[in-house]
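Q: Could you walk me through the strands in this one?
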Amino acid sequence: MAEEQPKPTFDWLPEGMEALADGEYDAIVLGTGLKECVISGLLSVKGKRVLQLDRNGYYGGDGASLNLTNLFEKFQAGEAPSNLGANRDYNVDLIPKFIMACGNLTKMLLHTKVTRYLDFKSIAGSYVYKGGKILKVPATPEEALTSSLMGLFEKRRFRKFLIYIDQYEPEKPETHEGRDLKTMTMRQLYTEFGLVPDTHQFISHAMCLQLDEKHMDEPALETVKELKVYMYSLSRYGTSPYIYPIYGLGGLPEGFSRICAIHGGTFMLNQDIDEILMDDKGQAYGVKAGNQMAKAGMVIGDPSYFKQDQIRPTGRVVRCICLLNHPLPNTYDAESAQIIIPGPQVGRVNDVFVCCMGHSLQTTAAGIYVAIVSTLSEKSNPDEDVAPGLQLLGPILKRFVSVSTTYEPVDDGSASKCFISKSFDGTSHFESDCDDLLSLYKRVTGEELDMTINADSVEGDY
């Protein structure tokens, strides 16, 4: 049997203390949520030595994918019924989100080459709730002409609008048709094309993925860029603009642990910390766990690892995980689907999101579907918050409700060297989470991440 390697020793170790793992690192990352893993992956490929710790015995933190037994245990729901199939058939995401096929998260995954460890499938359909009905979001200008989302003349105006957006390029004034989208508001742009408020709402919420109405009176350029990413992603995959890793989002952190290891980093599960060590200047220089210490120039992590005076609450997200024995009604039996319910359609400020996945994505047993309804809490009773989504699901075999407080850091971390991510929001996509990731990367490294990388495909190497 090989002899165990002696623990490294360092001058900075106090008497009676041992080195945690290899002792000295460039960065210590706390938690294995997707954001923490993307950052550790990006740092690893830049040649930084990373130590990543998680108090749980599984990857993913709050965003883990659980098997059937773990799901029932987490929600203290007793034993899982045998008619739901085998435990190993389930990979249920606690925070389910779809990935925009050609969006920023895909670019980050390609930067780290983690995609070589994963298989993705496109989501079968993207839908919007309007006037009490579930309607497919048109995938092409041609589909717009047959959509029941709007009347005949509105369809033509909508098609003209999509063609304008498709050819619009910020750097090429000849594509602007005399419009300055840095000053013109989104409301003015819609009105210029003669589009009615109902159409504004579904384009903004179901395609630009805006979460409220604030963007309507802000310069149109940023919202138009979001719409272009949606349309481009849609053109790549045809059925919807979203992709999703087979076996659930939990596979992403596992892929990143491989990246980290290849580049000399260390991942440790079931490893909590007692404290983040701060020096006389109020800067983090390492972590302590029992009689072990590790040292690094910065500590990065999710809000749950930091003191209350370093984070502040931003709201509450309600999520309801439902097991069904049928696909979502009115989605043409789609194996997987997203439905966005714009808040104003159901008398709410915030949108309600429904996403559904079946056996083809290896998240459930054959014949079983998992549908998750999520939104920001506005009511005192969480059931009322998710009611608009639940009523679209049909008969439910079992449901699990969670209410989570979301947090953000109180500062950018430059003074304390504690770089903290924001909690995941209540949407069913990663678009606003990507903004936080890009901000986190810049705070940690001092430079912008190159987002000019081509995200046309998650296949192969880049």
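Predicted model: local features only at pLDDT ≥ 70, side-chain atom pairs only at ≥ 80, totals over all residues.

Q: What is the order of the strands in the open sheet?
A: The open sheet has seven strands in the order β9-β8-β17-β18-β19-β16-β20, and the pairing along it is mixed.

Q: And which strands stand at the edges?
A: The edges are taken by β9 (133-136) and β20 (398-409), and because each has a single partner strand, one side of each is left without a neighbour in the sheet.

Q: How many degrees are neighbouring strands turned against each other on average?
A: The average is 25 degrees between neighbouring strands of this sheet, with direction ignored.

Q: Let's move to β18; is it buried or exposed?
A: Strand β18, residues 352-357, is mostly covered, with six of its six residues buried. In a regular strand, side chains alternate between the two faces of the sheet.

Q: What does β18 pair with, then?
A: Strand β17 (residues 336-341) pairs with β18 in the antiparallel sense over six bridges, and I339 stands opposite V354 there. Strand β19 (residues 369-376) also runs antiparallel to β18, joined to it by five bridges, and here the bridge partner of C355 is I372.

Q: Back to β20: how many bridges join it to β16?
A: Twelve bridges join β20 to strand β16 (residues 311-324), and the two run antiparallel, with I311 standing opposite P409 in β20.

Technical notes:
Residues numbered from 1 in each chain as written. Heavy atoms only, no water. Pairing = 2+ DSSP bridges. Helix = DSSP H or I, 4+ residues; strand = E, 2+ residues; numbered from the N terminus. Axes fitted to C-alpha atoms, helices over the stretch in contact; angles between N-to-C directions. Buried < 20%, exposed > 50% of the residue type's maximum accessible area, 1.4 Å probe, protein only.
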